[in-house]
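Please view the structure first, then read the points below.

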Amino acid sequence: MSKSLCRFIRRPTSYVQYRGTYALITGSSYGIGRCLAIGLGKRGLNIILLARSRDKLESLAQQLRKENRNIDVRMIVADITSPTVYAQIEHEVASLPTELGVVYLNHGGSFNEMRTFWDFNYEEIAYCETFNGTTVSRIIHQLFPRLLKQRRARVIMIGSTIRTVCEFAAPYAIEKEKTHGLTKALWLALKSIGNKSVEVQSMGLGTTATTGLAEVQGRSVEQLKPNLGMPSPETMAEAILNNYGLYSEPEIIPYWFHAFQEKICEMIRDDFAKSRALTNSKTSTSTLVADEEGERGALKGHDNHARYRKEE
């Protein structure tokens with residue numbers, strides 16, 4: 001546990017080498033995505049915003065240009081689930097004067113009502129798969145050949161810790177688990193070919209006081225009070241930005257308290273598993289002894305056993 005916590009006592013991740021390059025942030029009209037865009041702008045990166053709401057994107061773009069006069073801010077107004085979004089991304093990226101240095105695939109969403117898997121209808125499951133899973137893998141597949149030719153690139157996929165307690169959000173948890181799986185596959189593939197210019201990592205996020213969470217809980221975002229266990233979008237975004245690359249692992253939990261919670265849960269699960277294994281081991285041994293004694297008893301009392309079966 002000490003290793004898990006002490007790793008957060010470190011210098012924040014540097015973005016100096018990416019200044020002047022572009023950062024693509026999906027789901028950037030509000031919440032964590034908006035805060036990521038603001039944080040990357042302050043770090044000197046040019047920004048490409050992608051979301052559905054033109055009004056929100058224009059407002060954010062205006063703020064970014066005002067706060068960071070030396071950066072370029074571009075917008076892709078699109079529904080991430082639309083088949084045309086990939087052509088829009090390709091057109092924008094192809095027109096950049098410098099490299100696409102950083103990609104944050106931040107978009108995603110769950111359901112307003114938590115249910116067991118069999119209570120979701122097929123349309124809901126299919127949309128969740130497209131929104132949280134297919135879009136991520138398609139954008140990665142589209143951009144990766146370009147990124148592999150560059151001097152440097154970072155790709156960050158936003159996952160979730162919900163997959164560890166997914167009884168009532170299975171469709172969402174499944175897609176986030178796929179995100180972590182894709183990250184690990186890319187990480188291992190890059191390592192196998194000796195590519196050190198492209199970095200990939202997924203971030204397992206815990207509960208955050210976002211508009212999306214407020215909608216799921218049927219409350220306004222003003223009613224959500226950020227706290228230690230439920231940080232604000234600003235706090236979570238800074239944790240993501242500052243802890244990217246932590247331990248050079250394919251997957252991390254960037255916010256320290258959520259990482260602490262996860263470690264405690266992991267210890268409890270391990271202790272429970274060990275306890276079950278020990279119990280099962282003792283039970284198996286006892287059963288084996290009982291079976292051996294039962295066999296001998298059955299041989300001695302064969303006539304009695306036959307009578308009981310007959311009487312039944």
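In this predicted model, helix α4 meets helix α5 through Tyr86, Ile89, Glu90, Val93 and Ala94. On the α5 side, the residues they meet are Thr134, Thr135, Arg138, Ile139, Gln142, Leu143 and Arg146. By class, this contact has six nonpolar, three polar and three charged residues.

**Geometry of the helix pair**

- Helix α4 covers residues 85-94, and helix α5 covers residues 122-148.
- The two pack at an angle of about 30 degrees, with axes 11 Å apart.
- Angles under 35 degrees count as roughly parallel, so α4 is roughly parallel to α5.
- The crossing of α4 and α5 is right-handed.

**The sheet**

- Seven strands form an open sheet with parallel pairing.
- Their order is β3-β2-β1-β4-β5-β6-β7.
- The edge strands are β3 (73-77) and β7 (251-252), and each pairs on one side only.
- Strand β5 (residues 153-160) pairs with strand β6 (residues 198-205) over eight bridges, in the parallel sense.
- Gly159 stands opposite Gly204 in β6.

**Helices packed on the sheet**

- Helix α3 (residues 54-67) touches β2 (46-51) and β3.
- The direction of α3 makes about 170 degrees with that of β3.
- Helix α6 (residues 170-192) touches β5, β6 and β7.
- The direction of α6 makes about 150 degrees with that of β5.

Technical notes: Residues are numbered from 1 along each chain as its sequence is written. This is a predicted model: local features need pLDDT of at least 70, side-chain atom pairs count only at pLDDT 80 or more; totals for chains, interfaces and linings use all residues. Side-chain values use heavy atoms; hydrogens and water are left out. Axes are lines fitted to C-alpha atoms, for helices over the stretch in contact, and angles run from 0 to 180 degrees between N-to-C directions. Helices (H or I, at least four residues) and strands (E, at least two) are DSSP runs, numbered from the N terminus. Angles under 35 degrees count as roughly parallel, over 145 as roughly antiparallel, 65 to 115 as roughly perpendicular and the rest as oblique. A crossing is left-handed if the near helix is turned anticlockwise from the far one by less than a right angle, and right-handed if clockwise. Contact means heavy atoms within 4.5 Å. Ala, Val, Leu, Ile, Met, Phe, Trp, Tyr, Cys and Pro count as nonpolar, Asp, Glu, Lys and Arg as charged, and the others, Gly among them, as polar. Two strands pair if DSSP finds at least two bridges between them.
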